[in-house]
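Here are some questions on side-chain pairing in one protein chain. Take a look at the model before reading the answers.

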Amino acid sequence: MRNLNFDISPEIEKILNSEIDNGNSIFESNMEYPDKGFVLIIMNKPFYKKYSVKKLEYRSLNDPHYWKEEYHDKALKQTIACKF
């Protein structure tokens, strides 16, 4: 269901798959921002719903220079975010 060239945590994959199932799509993904080895996935549209995932930290940025909100796995340095 996803087209990534790297592995992501099961928690982030669960959100990604749910978003794709509900019509969202990946805007951008890479392993270089903000540091090498850091995984960042940005969805095209706002998240379909709020997720409650124990291993992930939720933040509402609402910063047009970056993105609207994100879920972040501190231990693995992985983030899934969404545009406005």
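Q: How many salt bridges does the count come to?
A: The model is predicted, so local features need pLDDT of at least 70 and side-chain atom pairs count only at pLDDT 80 or more, while totals for chains, interfaces and linings use all residues. Residues are numbered from 1 along each chain as its sequence is written, and side-chain values use heavy atoms, with hydrogens and water left out. A salt bridge is a side-chain nitrogen of Lys or Arg within 4 Å of a carboxyl oxygen of Asp or Glu. By this rule the count comes to 3.

Q: Which residue forms a salt bridge with lysine 55?
A: The N to O distance of this bridge is 3.9 Å. Lysine 55 sits in the loop between β2 and β3, and its partner is in helix α1 (residues 10-21), 44 residues apart; helices (H or I, at least four residues) and strands (E, at least two) are DSSP runs, numbered from the N terminus. Lysine 55 is exposed at 59% relative accessible area (buried means under 20%, exposed over 50%, partly exposed in between, with a 1.4 Å probe and protein chains only). The partner, buried at 17%, is glutamate 11.

Q: What is the distance between the closest N and O atoms of glutamate 69 and lysine 50?
A: Glutamate 69 lies in strand β4 and lysine 50 in the loop between β2 and β3, so the pair ties together parts 19 residues apart in sequence. Glutamate 69 is buried, at 5% relative accessible area. Lysine 50 is exposed, at 56%. Their closest N and O atoms are apart by 2.7 Å.

Q: Is glutamate 70 buried or exposed?
A: Its side chain meets that of arginine 59 in a salt bridge of 2.9 Å, N to O. Arginine 59 is in strand β3 and glutamate 70 in strand β4, so the bridge ties together parts 11 residues apart in sequence. Arginine 59 is partly exposed at 40% relative accessible area. Glutamate 70, at 6%, is buried.

Q: Which side chain of opposite charge is nearest to aspartate 73?
A: Lys and Arg count as positive and Asp and Glu as negative; His and the chain ends are not counted. Aspartate 73 lies in strand β4. Its side chain reaches the backbone nitrogen of alanine 75 at 3.1 Å, and a polar atom of that side chain lies 3.0 Å from the backbone nitrogen of leucine 76. Aspartate 73 is buried yet has no salt bridge, and the nearest opposite charge, 6.8 Å away, is lysine 55.

Q: Which residues do ring pairs link into a cluster?
A: Rings of Phe, Tyr and Trp (its six-membered ring) pair if their centres lie within 6.5 Å; planes under 30 degrees apart count as stacked, over 60 as edge-to-face and the rest as tilted. The count comes to 5 aromatic pairs, including phenylalanine 47 with tyrosine 51, edge-to-face at 6.4 Å and 90 degrees. Tyrosine 51 and tyrosine 71 are also edge-to-face, at 5.8 Å and 80 degrees. The cluster is Phe47, Tyr51, Tyr58 and Tyr71.

Q: What separates the C-alpha atoms of lysine 45 and cysteine 82?
A: Lysine 45 is in the loop between β2 and β3 and is partly exposed at 42% relative accessible area. The two residues are 37 apart along the chain. Their C-alpha atoms are separated by 5.9 Å.

How values were computed:
Polar contact = N/O pair within 3.5 Å; in protein donor to acceptor, adjacent residues only side chain to side chain.
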